Each structure stands twice: as C-alpha cells, then as structure tokens.
Amino acid sequence: MIYRYDMSDKLNKLSEALESNIPTTKVKISDGREITIRSMIVGELKLLLLAMEGESKSGEWYDTLQEIVNKCIKDDVKAEDLPTGDLELIYINIHMLSKGKSIIPVKYICEEEIENDDDFEICGGEMKVKLDLKKAYLSEATIDNVIKVNDRVAIKLRRPVAKEQIYYDADTTEDMFNLSCRCIQSITIDDEELVAGQDFDYEKLASFFDYFDSDTFEKMADYINDTPLLTYPIAMQCPKCGKKHSIVLKGLADFFE
Ligand SMILES: [Zn+2]
C-alpha cells in the first residue's frame with residue numbers, strides 16, 4: 001500500500017502563518033458593514049506597478065483595482081458586487097495601510113486668464129497640495145431607492161457596481177435607461193415582491209418599461225446619479241496670480257491622476 005502525501009495541507013498552514021503578520025484594519029462601507037482588509041503584499045504591489053506603468057484605460061485600471069481589493073479583503077465579500085464608492089473607499093484604505101501613510105502630494109496648474117496689455121494669457125502658476133486620504137469620504141446619498149410607479153407598483157433599485165458605471169455612459173439617455181433597468185432589484189405589486197434574477201430577467205422586463213412614465217424614469221436616473229463617490233474638497237491659492245481656487249475631487253481617478 002502507498003498513500004499520497006498531501007503537501008497542500010502543510011502549504012496552507014504556511015500561507016496562514018505568513019499572513020498572520022500582515023497588518024489588517026476594518027473599513028465601514030455605505031451599507032454599514034465593517035469589512036476587514038489586509039495590507040498589500042508583493043504580488044499586489046506588482047499588479048499596481050504594472051497598471052501604473054501601462055497606459056491602461058479606466059476599464060482596465062478598474063480590473064486591477066478589483067483584483068487587488070479581492071485579494072486584500074479578508075471577509076466573504078466580492079469587489080465586483082460593491083458599489084463604486086465602496087470599492088474606492090476600500091481601495092484607499094488598503095493603499096494607506098500598505099504605504100503606512102495617508103498623504104499624497106499632488107500638483108495643479110492655475111488656468112486663470114490674466115490680462116497682458118491688450119491680450120489674455122493663461123496664468124500657469126503651480127499649486128502644490130498634500131491630499132490626506134484619511135479625510136476622503138463618501139458623498140452622502142439623498143435619494144430613496146424605492147420609486148413609486150403608481151398606487152400598486154413600486155420598484156426598488158440597487159447601486160450600480162464600478163464595472164457598470166464605466167461601461168454605461170450616464171450622459172446618454174439610452175445608456176442611462178439601460179443602466180437604471182439593470183439596477184432594478186425588485187418590483188412590488190400590491191403586496192407581492194418580484195425579485196430580479198429570480199422572478200424576472202431584464203430582457204423580459206424591458207417590454208414593461210413602456211408603461212413607466214418619464215417621471216418614474218427620471219427618478220430612477222436621479223437615484224443612479226446620486227451614487228456616493230469618494231469625495232475630497234480642496235481649497236488652494238495660486239502663488240503667481242493670487243487666485244483662490246476651490247475644487248472637489250470625485251471618484252478615485254481624480255485622486256491618482
Ligand atoms: Zn494663477
């Protein structure tokens with residue numbers, strides 16, 4: 001008789017022992033859950049470096065982001081299921097934990113028009129700002145996710161995930177319509193609740209949208225546009241022309257551009 005010696009058990013123990021030293025922390029996301037994350041290790045830092053070096057489009061950059069977040073989340077939560085803002089919030093917390101600091105230096109160029117004799121020219125003054133990632137927060141959602149179509153029918157929406165927000169262009173009516181429909185989580189008729197993916201799919205549902213009035217659709221679009229994003233207000237003054245600028249960073253791309 002022989003038996004097969006199982007190496008994987010011992011190796012699992014090894015990875016467990018190695019992981020026990022990696023710093024972890026908790027992040028509270030928009031639905032109130034507390035997610036445990038760990039710091040990035042060499043594998044993830046490599047991924048990040050590759051993504052930064054390559055001139056990746058925002059879609060590809062988000063793939064890397066999701067991959068890193070998935071590796072660093074210790075709970076049973078998938079990055080691809082998270083609304084954009086939550087994914088971004090988790091990512092900057094992983095970033096802070098891994099780098100051991102929360103400050104990132106950024107530079108802005110003043111584009112104030114300055115009168116020069118009879119002509120105008122762009123100021124071009126440099127403004128150096130230190131962003132403190134600890135102070136970044138999720139913008140607050142104000143619109144309710146339940147929309148009444150009439151006295152008997154109400155629809156409940158979910159937040160779009162990052163991939164959806166990149167794929168669909170919220171500025172075009174058709175994309176906004178499709179995105180809103182994808183985000184229908186359930187429909188209540190009188191007291192009965194129909195659940196997406198279980199009681200209906202989007203293709204079958206589409207033929208019913210003709211019954212919705214423009215007011216309903218507008219409310220759906222408002223809810224989608226109200227999705228919380230990583231936010232950071234900055235006030236700065238141009239050292240060259242003295243102009244006071246105030247801008248608000250919205251979304252992770254604004255932070256790491
Ligand atoms: Zn200036």
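Let me start with the open sheet: four strands make it up, in the order 8-9-10-11, and their pairing is antiparallel. Keep in mind that this is a predicted model. At the edges of the sheet stand strand 8, residues 146-148, and strand 11, residues 192-195. Each has a single partner strand, so one side of each is left without a neighbour in the sheet. From one strand to the next, the twist averages 20°.

Next, the hairpin of strand 1 and strand 2. Strand 1 covers residues 24-28, and it pairs with strand 2 in the antiparallel sense over five bridges. T25 has I37 in strand 2 as its bridge partner. Five residues lie between the strands, and in this hairpin G32 takes a positive phi near 95°. Is strand 2, residues 34-38, mostly covered or mostly uncovered? Mostly covered: four of its five residues are buried.

Last, the zinc ion. Which protein atoms are its donors? They are the SG atoms of C110, C123, C238 and C241, lying 2.3 Å from the ion. The angles among the four donor atoms are 103 to 114°, and the site is tetrahedral. Along the chain, the donors follow the spacing C-x12-C-x114-C-x2-C.

Note on methods: Residues are numbered from 1 along each chain as its sequence is written. This is a predicted model: local features need pLDDT of at least 70, side-chain atom pairs count only at pLDDT 80 or more; totals for chains, interfaces and linings use all residues. Side-chain values use heavy atoms; hydrogens and water are left out. Donors are N, O and S atoms within 2.8 Å of the metal (3.2 Å for Na, K and Ca); water is not among the atoms, so sites may look incomplete. Four donors count as tetrahedral if all angles lie between 85 and 135 degrees; four count as square planar and six as octahedral if opposite donors are over 155 degrees apart and all others between 65 and 115; anything else is irregular. Buried means under 20% relative accessible area, exposed over 50%, partly exposed in between (1.4 Å probe, protein chains only). Helices (H or I, at least four residues) and strands (E, at least two) are DSSP runs, numbered from the N terminus. Two strands pair if DSSP finds at least two bridges between them. Axes are lines fitted to C-alpha atoms, for helices over the stretch in contact, and angles run from 0 to 180 degrees between N-to-C directions.
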